[in-house]
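Welcome! Keep the picture beside you as you work.

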Amino acid sequence: MDRAEALLHLAKSDDFSERARAGTELSQFAGSDTVDQVLLALLLDDGNTSPVQDTAEALIKRGDRAALRPFAAAWHRADSSRDNTHLTEIADYLYGATSYGLWLDSTDPQRTGLQTVLATLLDDQDEAVRKGAYSLLRALPGAR
C-alpha cells in the first residue's frame with residue numbers, strides 16, 4: 001500500500017487524532033478527486049474539530065490551487081449552513097485558518113498569496129469551490 005492509500009485509510013479511523021494526522025499529511029496529495037473528497041470530509045468532520053483544524057491549516061500552509069479547492073468547497077458548505085451549529089463552528093475554524101494564511105503571506109515573499117490563489121478558483125468547474133472562493137474573498141480583510 002502506498003503512502004496516500006495508507007493515509008486515505010487512516011482518515012476513516014474512529015480516533016480523531018489519527019484523522020487529524022491523516023488530514024495534515026494528505027494535504028500533500030491534494031489535487032486528485034479521491035484525496036480531495038477525503039480532505040473535504042475531514043474539513044467537515046462531525047466527530048471532532050481537531051481533524052478540521054489540522055487539515056485546514058495544512059491546506060492553507062500549502063497554499064496552492066489544488067490545496068485551496070477542497071478548502072473553498074468546505075467553506076461554502078459550512079458557511080451556507082447557518083442553522084447547523086456544528087457547521088457554524090467549522091466555519092469559524094476555517095476562517096481562523098485563513099488568518100494563518102494571511103500571516104504566512106505577510107512573512108514569506110515566495111508565497112503566491114491566499115487571495116490571489118482564491119481568485120483563480122472563481123472560474124472552477126465545481127460550483128461549491130467557486131462559491132466558496134467568492135465568499136472567502138468577500139470575507140477576508142481588505143475585501144472590496
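Contact means heavy atoms within 4.5 Å. Helices (H or I, at least four residues) and strands (E, at least two) are DSSP runs, numbered from the N terminus. This is a predicted model, in which local features need pLDDT of at least 70 and side-chain atom pairs count only at pLDDT 80 or more, while totals for chains, interfaces and linings use all residues. Residues are numbered from 1 along each chain as its sequence is written, and side-chain values use heavy atoms, with hydrogens and water left out.

**Exercise 1. Work out which residues bring helix 3 and helix 4 together, and how the two helices are arranged.**

Step 1: Find the partners. Leu39, Leu42 and Leu43 of helix 3 meet Pro51, Val52, Thr55, Ala56 and Leu59 of helix 4.

Step 2: Sort them by class. Ala, Val, Leu, Ile, Met, Phe, Trp, Tyr, Cys and Pro count as nonpolar, Asp, Glu, Lys and Arg as charged, and the others, Gly among them, as polar. This contact of helix 3 with helix 4 has seven nonpolar residues, one polar and no charged ones.

Step 3: Describe the geometry. Two packed helices are described by the angle between their axes and the distance between the axes. Axes are lines fitted to C-alpha atoms, for helices over the stretch in contact, and angles run from 0 to 180 degrees between N-to-C directions. For helix 3 and helix 4 the angle is about 130°, and the axes are 7 Å apart. That makes helix 3 oblique to helix 4 (under 35 degrees counts as roughly parallel, over 145 as roughly antiparallel, 65 to 115 as roughly perpendicular and the rest as oblique).

**Exercise 2. Now describe how helix 2 packs with helix 4.**

Step 1: Take the numbers. Here the angle is about 10°, with the axes of helix 2 and helix 4 8 Å apart.

Step 2: Name the arrangement. Helix 2 and helix 4 are therefore roughly parallel to each other.

Step 3: List the residues. From helix 2, Phe16, Arg19, Ala20, Gly23 and Thr24 meet Ser50, Pro51, Asp54, Thr55 and Ala58 from helix 4. They divide into four nonpolar, four polar and two charged.

**Exercise 3. Is Thr55 buried or exposed, and what does it touch?**

Step 1: Locate Thr55, which lies in helix 4.

Step 2: Check its accessibility. Thr55 has a relative accessible area of 0%, so it is buried (buried means under 20% relative accessible area, exposed over 50%, partly exposed in between, with a 1.4 Å probe and protein chains only).

Step 3: Look at its partners. Not counting residues up to four places away in sequence, Thr55 touches Gly23, Thr24, Leu39, Leu42 and Leu43.

**Exercise 4. Find the buried residues of helix 1 and say where they point.**

Step 1: In helix 1 (residues 3–10), the buried residues are Ala4, Leu7, Leu8 and Leu10.

Step 2: Seen down the helix axis, these fall within an arc of 160°, so they line one face of helix 1. The arc is that of the directions from the helix axis to the C-beta atoms.

Step 3: The buried residues of helix 1 pack against helix 2 (16–26) and helix 3 (33–43).

**Exercise 5. How accessible is Tyr93, and which residues does it touch?**

Step 1: Tyr93 lies in helix 6 (residues 85–107).

Step 2: With a relative accessible area of 28%, Tyr93 is partly exposed.

Step 3: Tyr93 touches Thr49, Val52 and Gln53, not counting residues up to four places away in sequence.
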